[in-house]
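Good morning, and thank you for making time for this presentation. Please bring up the sequence and the structure, and keep both in view while I speak.

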Amino acid sequence: MKMRGLTFGLLIVCVLAAVESGVRAAPATDLDENLIFFENNQDEKGYNFAYKTKDGQFREEQGVINPETGVLTVSGVYGYEGPDGKTYEYNYESDENGYRIVTKPPPVGFAPIPNAVLLSLVG
């Protein structure tokens with residue numbers, strides 16, 4: 001009886017893990033018809049995500065946890081296409097000192113967009 005319960009518990013964990021990974025890996029149009037691209041990754045060191053919409057909005061963000069202090073530092077960029085047809089882009093950082101727009105690109109180590117994704121945007 002104890003073994004049957006353990007086996008059932010492991011089965012549930014495996015199914016939940018498969019469902020969760022399937023949701024994160026789902027095509028963007030399955031999440032929202034206005035999305036062109038969506039990516040979301042998490043691990044024990046932090047997270048990163050990116051998206052782009054059909055109307056020209058986009059965002060890329062990375063959050064890293066400092067192992068010494070436990071402080072989450074976030075950097076990223078967001079933008080949109082204005083009514084004038086120009087793309088407006090803003091880089092930002094957020095940490096224990098608050099949220100701020102920065103005039104420089106996010107620090108090195110910002111997650112690059114995979115080549116396969118870039119090629120899919122061209123097509």
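How many helices and how many strands does the secondary structure of the protein chain come to? The count is 3 helices and 6 strands. Before I go further, please bear in mind that this is a predicted model. Along the sequence, the elements follow the pattern α-α-β-β-β-β-β-β-α. The chain has 123 residues, of which 22% count as buried. As for contacts with a separation of 6 or more, 19% of them join residues 24 or more positions apart.

One of the positions to look at is Ile65, whose bridge partner in E4 is Leu72. The hairpin of E3 and E4 has 6 residues between the strands, and within this hairpin Gly70 takes a positive phi near 80°.

Strand E4 also pairs with strand E5, residues 87–95, again in the antiparallel sense and over 8 bridges. Here Val74 has Ser94 of E5 as its bridge partner. This second hairpin has 5 residues between its strands, and Gly85 is the residue with a positive phi, near 85°.

Val71 is found in the loop between E3 and E4.

Thr87 has a relative accessibility of 53%, so it counts as exposed, the threshold being over 50%. Which residues is Thr87 in contact with, leaving aside its neighbours within four places in sequence? They are Phe58, Tyr80 and Glu81.

Let me move on to the charged side chains. Side chains of opposite charge can pair when their charged atoms come close. A search of the whole structure finds 3 salt bridges. One of them is formed by Glu61 and Arg59, with the closest N and O atoms 2.5 Å apart. Glu61 has 7% relative accessibility and therefore counts as buried, whereas Arg59, at 27%, counts as partly exposed.

Another salt bridge is formed by Glu93 and Arg100, whose closest N and O atoms are 3.6 Å apart. With a relative accessible area of 16%, Glu93 is buried. Arg100 is partly exposed, its relative accessible area being 28%. The side chain of Arg100 also meets that of Asp95 in a salt bridge, at 2.8 Å from N to O. Which residues do salt bridges with shared partners join into one network? The network consists of Glu93, Asp95 and Arg100.

My last topic is the largest pocket. The space in this pocket is about 160 Å³. Which elements give two or more residues to its lining? They are strand E1 (35–43), strand E2 (46–53) and strand E3 (58–65). The lining itself is made up of Asn41, Gln42, Asp43, Lys45, Gly46, Tyr47, Asn48, Gln62, Gly63 and Val64. In terms of residue class, the lining divides into 2 nonpolar, 6 polar and 2 charged residues.

Glu93, Asp95 and Arg100 form one network of salt bridges. Strands E1, E2 and E3 each give two or more residues to the lining of the largest pocket. Thank you for your attention.

Conventions. Residues are numbered from 1 along each chain as its sequence is written. This is a predicted model: local features need pLDDT of at least 70, side-chain atom pairs count only at pLDDT 80 or more; totals for chains, interfaces and linings use all residues. Side-chain values use heavy atoms; hydrogens and water are left out. On a 1 Å grid over the protein atoms alone, a cavity is a set of points where a 1.4 Å probe fits but cannot get out, and a pocket is an open set with protein on both sides within 12 Å along at least five of seven lines; lining residues have an atom within 4 Å of a point. Grid points are joined across faces, edges and corners, and a volume is the space filled by probe spheres set on the points. Helices (H or I, at least four residues) and strands (E, at least two) are DSSP runs, numbered from the N terminus. Ala, Val, Leu, Ile, Met, Phe, Trp, Tyr, Cys and Pro count as nonpolar, Asp, Glu, Lys and Arg as charged, and the others, Gly among them, as polar. A salt bridge is a side-chain nitrogen of Lys or Arg within 4 Å of a carboxyl oxygen of Asp or Glu. Buried means under 20% relative accessible area, exposed over 50%, partly exposed in between (1.4 Å probe, protein chains only). Two strands pair if DSSP finds at least two bridges between them. Contact means heavy atoms within 4.5 Å.
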